[in-house]
Amino acid sequence: MTQTLTTTLGPVRLLGDNATPIWGMTNAERNRRMAESAAKNGSTLAPRHELVFNLTYAFDPLLLRLALETPGTLFAWRNTPIVGQIPQGSDPLAAPNVIDLSDGRKLYNRQLRKLEQPMVRELTPATRRAIERQSYFGAYKGVTDILTKYLWPELALVLTRIAAQLKMTPNMVSVIGVTLCLVATYLFAQGMFWTGFLSGFIFMVLDTVDGKLARCTITSSKWGNVIDHGVDLVHPPFWWYFWGTGLAYWGLSLSTQAFALVMAAVIAGYILQRLIEGMFLKDFKMDIHVWRPFDSQFRLVTARRNPNMVILFVSLLFARPDIGLIALAWWIVISLVVHAIRLGQAYGIKRNGRPIVSWMDEAEAAL
């Protein structure tokens, strides 16, 4: 059975049929959303080409992005067409570039900063939940902080499934999260560190849920992305500042000079580290944390919000939130120095005429 769709991206041919839902929608609707999302992101079809989707299978959206980058490419599984951009009306398996993924090959996903075998699985009632789980974890960045990677993936999976079943949009989840972020800021300022920490923790988990919900249900939006990343970028220094003012309620206020030094380290260090990361991205067209394996490992603990919250949590266990803030300031300075050294090393390599290449690109080429 063959169906055709007209999308803003161009003509789409659907092979087969499938009534099994995935993330609360049909597989045909999921594929349509992927095509529309690609069009919104600037992708186009080559002249006299069409997309082909096999509804029997669910697959990683990475495959569609790669097929759109190279006209004439079809991804297959054991000689069965899965997804591709092929000449209109042609036999999918006669495409100029057929890539069979059943050989176990890994592909580098630059958007999510990871190297892995992309998901391709037959979608049936028996496999649906396993596919949803696999697609959820497939939406995780390979290079991220230690909490996001190891602590709450299972909790966020449950919440993502609930949100999808309730037909919540990622923006709805973001609004709840941003509200809790503001509540945490207020509670920190009042010295209510444990309650503020709970509000912040829920916000941090929801900060994962909204992104995973957007990727799994193919419902990301430009403004949602701006709000999500904008809040992530702006709020951490406010948390650390009001944590410092809240110390007064514990009788642990820092001296005026010490508070000024800590805030200078915290705020300036945070801003400079983000600027270094931006410079690396602009000059070398990659995230600094995917350059070498060391950089990917350091991203687990670098002085971003989540690892910093671990430092503050430990300090609360010992009823010394003042020491926690001082330790956080030192860790931000250390992380800044590490990033500055790595940026300087990259510029030195570039001056010597050698390319700056991600270790993941090298690993993919070696496969």
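How many Å² does the accessible surface of the protein come to, and what share belongs to carbon and sulfur atoms? I looked this up to start: about 17,300 Å², with 63% belonging to carbon and sulfur atoms. These areas come from the Shrake-Rupley method with a 1.4 Å probe, and for residues only the protein chains shown count as cover.

**Ground rules.** I am working with a predicted model, where local features need pLDDT of at least 70, side-chain atom pairs count only at pLDDT 80 or more, and totals for chains, interfaces and linings use all residues. Residues are numbered from 1 along each chain as its sequence is written, and side-chain values use heavy atoms, leaving out hydrogens and water.

**Overall.** I found 13 helices and 10 strands; these are DSSP runs numbered from the N terminus (helices H or I, at least four residues; strands E, at least two). The C-alpha trace spans about 75 × 55 × 30 Å along its principal axes. Of the 367 residues, 50% count as buried, meaning under 20% relative accessible area with a 1.4 Å probe, protein chains only.

**The sheet.** Next I traced an open sheet of 6 strands, in the order E1-E2-E3-E6-E5-E7 and with mixed pairing. Two strands pair if DSSP finds at least two bridges between them. At the edges I noted E1 (2-6) and E7 (97-100), each pairing on one side only. The twist averages 20 degrees from one strand to the next; axes are lines fitted to C-alpha atoms, for helices over the stretch in contact, and angles run from 0 to 180 degrees between N-to-C directions.

**Helices on the sheet.** Helix H1 (residues 27-40) packs on the sheet and touches E1, E2 (11-15) and E3, its direction making about 145 degrees with that of E3. Contact here means heavy atoms within 4.5 Å. Helix H2 (residues 61-69) also packs on the sheet, touching E3, E5 (73-77) and E6, at about 30 degrees to the direction of E6.

**A closer look at E5.** Is E5 mostly covered or uncovered? I found it mostly covered, with 5 of its 5 residues buried. Thr73, Phe75 and Trp77 point one way, while Leu74 and Ala76 point the other.

Then I checked the neighbours of E5. E5 runs parallel to E7, joined by 4 bridges, and Thr73 has Asn97 as its bridge partner in E7. With E6 the pairing is antiparallel, over 4 bridges, and Ala76 stands opposite Pro81. The hairpin of E5 and E6 has 2 residues between the strands, and Arg78 takes a positive phi near 50 degrees there.
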